Amino acid sequence: MARSRLGSLEAAVMDVMWTSAAPLTVRQVAEALASSRAVAYTTVLTVMDNLFRKDVLARDLAGRAHVYRPRTSREEFAADLVETALSDSPDRAAVLIRFADRLDEADVRRLVEALEQHQGRGGNSRR
């Protein structure tokens, strides 16, 4: 899956998609965005088509319109971004240290708990 940072409108569209319990049409997303920003229906259509081409959204035909849904959760998407950043760096340890330095105490505790759970499951053999 192609993973990269989202543009401003892409992120706004994905916020709508990730908070929806059901797949949405372009019109429904455009209406949801209208309360916070002026954006044309055709612009939302273009952005959602781009997100489909980037494999961030999936779509199915429902009557004459497509309905879209996220391919992954927001959390999985964020984890993929971190993984991509690590993969793109020649020094993964340096990236992890810089990342940890930016975390507040609550997030450090969550990270430690996640690492302990990870170790308890036997770790990940991908690396």
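Me: Start with D49. Is D49 buried or exposed?
Reply: D49 counts as buried, because its relative accessibility is 16% and the cut-off for buried is under 20%. Keep in mind that this is a predicted model.

Me: Which salt bridge does R59 make?
Reply: The side chain of R59 meets that of D49 in a salt bridge, at 2.9 Å from N to O. The pair links distant parts of the chain, with R59 in strand β1 (residues 57-62) and D49 in helix α3, 10 residues apart.

Me: What about R53, which residue does it pair with?
Reply: R53 also forms a salt bridge with D49, and the closest N and O atoms are 2.7 Å apart. Both residues lie in helix α3, four residues apart, which is about one turn of the helix.

Me: R53, buried or exposed?
Reply: Exposed, because R53 has a relative accessible area of 64% and the cut-off for exposed is over 50%.

Me: How many salt bridges does the structure hold?
Reply: Seven. One of them is between D107 and R110, whose side chains meet at 2.4 Å, N to O.

Me: Where do D107 and R110 sit?
Reply: They are in helix α6 (residues 105-120), three residues apart, so about one helical turn separates them. D107 is partly exposed, with a relative accessible area of 31%.

Me: Where is D55?
Reply: D55 is in the loop between α3 and β1. It counts as partly exposed, at 27% relative accessibility.

Me: Now the helices. At what angle do α1 and α3 pack?
Reply: Helix α1 (residues 8-19) and helix α3 (residues 41-53) pack at about 80°, and their axes are 10 Å apart. The two are therefore roughly perpendicular to each other, since that term covers angles of 65 to 115 degrees.

Me: Which residues make the contact?
Reply: From α1 they are L9, E10, V13, M14 and M17, and from α3 they are T43, V47, M48 and L51.

Me: And how do α1 and α2 cross?
Reply: Their axes cross at roughly 105° and come within 10 Å, with α2 covering residues 26-34. So α1 and α2 are also roughly perpendicular to each other.

Me: Which residues of α1 and α2 meet?
Reply: On the α1 side there are L9, A12, V13, V16 and M17, and on the α2 side V29, A32 and L33.

Me: Last thing, the surface. Which residues make the nonpolar patch?
Reply: F99, L111 and L115 make a nonpolar surface patch of about 260 Å².

Definitions and conventions. Residues are numbered from 1 along each chain as its sequence is written. This is a predicted model: local features need pLDDT of at least 70, side-chain atom pairs count only at pLDDT 80 or more; totals for chains, interfaces and linings use all residues. Side-chain values use heavy atoms; hydrogens and water are left out. Patches are made of residues with over 30% relative accessible area and no salt bridge: like charges are joined within 9 Å, nonpolar side chains (Val, Leu, Ile, Met, Phe, Trp, Tyr) within 5 Å. Accessible areas come from the Shrake-Rupley method with a 1.4 Å probe; for residues, only the protein chains shown count as cover. A salt bridge is a side-chain nitrogen of Lys or Arg within 4 Å of a carboxyl oxygen of Asp or Glu. Axes are lines fitted to C-alpha atoms, for helices over the stretch in contact, and angles run from 0 to 180 degrees between N-to-C directions. Angles under 35 degrees count as roughly parallel, over 145 as roughly antiparallel, 65 to 115 as roughly perpendicular and the rest as oblique. Contact means heavy atoms within 4.5 Å. Buried means under 20% relative accessible area, exposed over 50%, partly exposed in between (1.4 Å probe, protein chains only).
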